[in-house]
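The sequence and the structure are shown first.

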Amino acid sequence: MANIVIDGIRKNFGAFEALKDISLTISDGEFVSLLGPSGCGKTTLLRIIAGLETATSGDVLIGERSVIGLPPKDRGLAMVFQNYAVFPHMTVYENVAFGLRMQKADDRRVKEQVEKAAGLLHIEPYLDRYPNKLSGGQRQRVAVARALAVEPRVLLMDEPLSNLDALLRLEMRTELKTVLQGAGTTTIYVTHDQTEAMGLSNRIAVMHDGVVEQVGSPVEIYNHPATRFVGGFIGNPPMNFITVAVEDGAVAAGTLRLPAPAGAGREVVLGLRGEAVALAAPGDGLDMTVRVAEPMGSHLLLTGAIHGQPVRVILPPAERVRGGDVISLRPDLDRITWLSPESGKSYP
Ligand code: ATP
């Protein structure tokens with residue numbers, strides 16, 4: 001079993017608190033992403049799990065056993081990093097074999113494992129080549145094959161696709177998912193790219209300023225963000241936030257009355273996904289002043305304001321709306337998130 005328990009991890013760099021009491025449990029075979037903006041502490045957390053960085057306090061358990069104090073090589077994990085360090089003076093075969101050679105595996109096992117990993121990553125045709133004769137995507141696959149060849153209990157990846165162009169990233173993302181689904185490896189994946197995290201993960205831990213703001217499945221996090229930060233970070237366009245007045249327990253939107261959450265004060269923040277609305281008859285919903293309408297082919301993207309607050313909304317491609325129009329939008333009541341204006345936290 002290779003479940004991972006991160007228990008109360010703190011990390012200070014001098015007076016700066018990079019990680020503030022992080023706890024997170026990852027199940028055996030699960031794929032969890034650490035997602036957040038630059039500087040939120042994801043790489044530091046991954047390096048602490050790997051043993052490349054020492055925590056100020058807290059514990060890390062892999063398969064029920066504390067690994068604090070163990071060197072990286074004794075933690076039963078493999079790593080793939082952003083600058084996919086393949087060794088230029090070794091053939092692809094020897095690159096993939098590297099971890100196995102370090103483990104002093106015999107030639108037969110090396111051959112078996114290299115062929116298996118090369119098959120998974122579709123790099124068999126290049127096994128005799130040197131890395132400088134490969135494309136970026138092929139080199140990246142070599143790095144992943146090298147990590148998988150040792151059949152690690154735990155795979156740690158830090159922005160492994162960030163050096164690839166957009167199309168290749170998408171391809172590699174799909175391939176990674178295919179490969180890892182079969183392998184049963186417990187994976188922790190660091191990224192600042194929400195689409196990557198959404199596409200790959202069983203669960204995502206959204207980090208911000210050294211804390212985990214929310215842990216959940218991609219769909220949970222998208223539909224029910226726990227905080228304003230999470231709603232604004234996940235989704236493209238990000239969630240809209242509209243501060244509205246509460247009167248007699250409800251928020252008025254034209255003729256519509258949206259029941260306000262229990263405990264709301266005089267104002268509440270309406271968190272609204274851009275696509276969780278439908279065009280309504282004039283006066284039957286939230287009035288939006290449209291500044292720009294962009295026909296994107298698959299949808300119509302509208303930028304403008306509701307109650308004077310900036311919003312982006314997505315409508316079906318055939319709707320006829322133009323810049324300068326005032327339209328009425330009916331929110332999908334099941335997809336509304338209410339948030340406190342003071343704390344930025346969502347109401348349960
Ligand atoms: P990025 O996506 O940019 O790599 P990140 O979320 O991975 O960001 P970290 O690299 O973990 O962030 O860094 C978290 C914070 O800790 C940053 O503010 C960073 O400047 C700081 N930090 C990281 N390493 C050190 C160090 N060795 N000494 C001092 N500060 C550090």
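The model is a predicted one: local features need pLDDT of at least 70, side-chain atom pairs count only at pLDDT 80 or more, and totals for chains, interfaces and linings use all residues. Residue numbers start from 1 along each chain as its sequence is written.

Helices (H or I, at least four residues) and strands (E, at least two) are DSSP runs, numbered from the N terminus.

**The chain as a whole**

The chain has 8 helices and 20 strands. Its C-alpha trace spans about 75 × 45 × 35 Å along the principal axes. A residue is buried if 20 or more other C-beta atoms lie within 10 Å of its own, exposed if 12 or fewer, and partly exposed in between, with C-beta atoms placed from the backbone. Of the 348 residues, 41% count as buried. Two residues are in contact if their C-beta atoms, placed from the backbone, lie within 7 Å. Among contacts with a separation of 6 or more, 64% are between residues 24 or more positions apart.

The domain bounds come from an automatic or database domain assignment. That assignment gives domain 1 (4-227) and domain 2 (237-339). The centres of domain 1 and domain 2, taken over C-alpha atoms, are separated by 39 Å.

**Sheets and strand pairs**

Two strands pair if DSSP finds at least two bridges between them. An open sheet of 6 strands runs in the order E6-E7-E8-E3-E9-E10, with mixed pairing. Its edge strands are strand E6 (77-81) and strand E10 (211-216), each of which pairs on one side only. From one strand to the next the twist averages 15°. The angles rest on axes that are lines fitted to C-alpha atoms, for helices over the stretch in contact, and they run from 0 to 180 degrees between N-to-C directions.

Another open sheet has 3 strands in the order E11-E14-E20, and its pairing is antiparallel. Strand E11 (240-245) and strand E20 (336-339) stand at the edges with a single partner strand each, so one side of each has no neighbour in the sheet. Here the twist averages 30° from one strand to the next.

| Strand pair | Bridges |
|---|---|
| E9 (residues 203-208) and E10 | 5 bridges |
| E11 and E14 (residues 267-272) | 6 bridges |
| E12 and E13 (residues 256-259) | 4 bridges |

Single bridge partners can be named for these pairs. Met207 stands opposite Val212 in E10, Val244 has Val268 in E14 as its bridge partner, and Ala250 stands opposite Pro259 in E13.

E12 and E13 form a hairpin with 2 residues between them, and Gly254 in the turn has a positive phi of about 60°. Strand E12 (residues 250-253) has a covered face, made of Val251 and Ala253, and an uncovered one, made of Ala250 and Ala252.

**Single residues**

Val211 lies in strand E10. Val211 counts as partly exposed because it has 16 C-beta neighbours inside 10 Å. The C-alpha atoms of Val211 and His299 are 35 Å apart, and the two residues are 88 residues apart along the chain.

Most residues other than glycine have a negative phi, and most peptide bonds are trans. Which residues are joined by a cis peptide bond? Asn236 and Pro237 are, with omega about 0°. Pro237 is in the loop between helix H8 (228-233) and E11.

Glu64 has a positive phi, near 75°, and sits in the loop between strand E4 (57-62) and strand E5 (65-66). With 9 C-beta neighbours inside 10 Å, Glu64 counts as exposed. Glu159 also has a positive phi, of about 45°, although it is not a glycine. The place of Glu159 is the loop between strand E7 (154-158) and helix H5 (166-183). Glu159 is partly exposed, since 19 other C-beta atoms lie within 10 Å.
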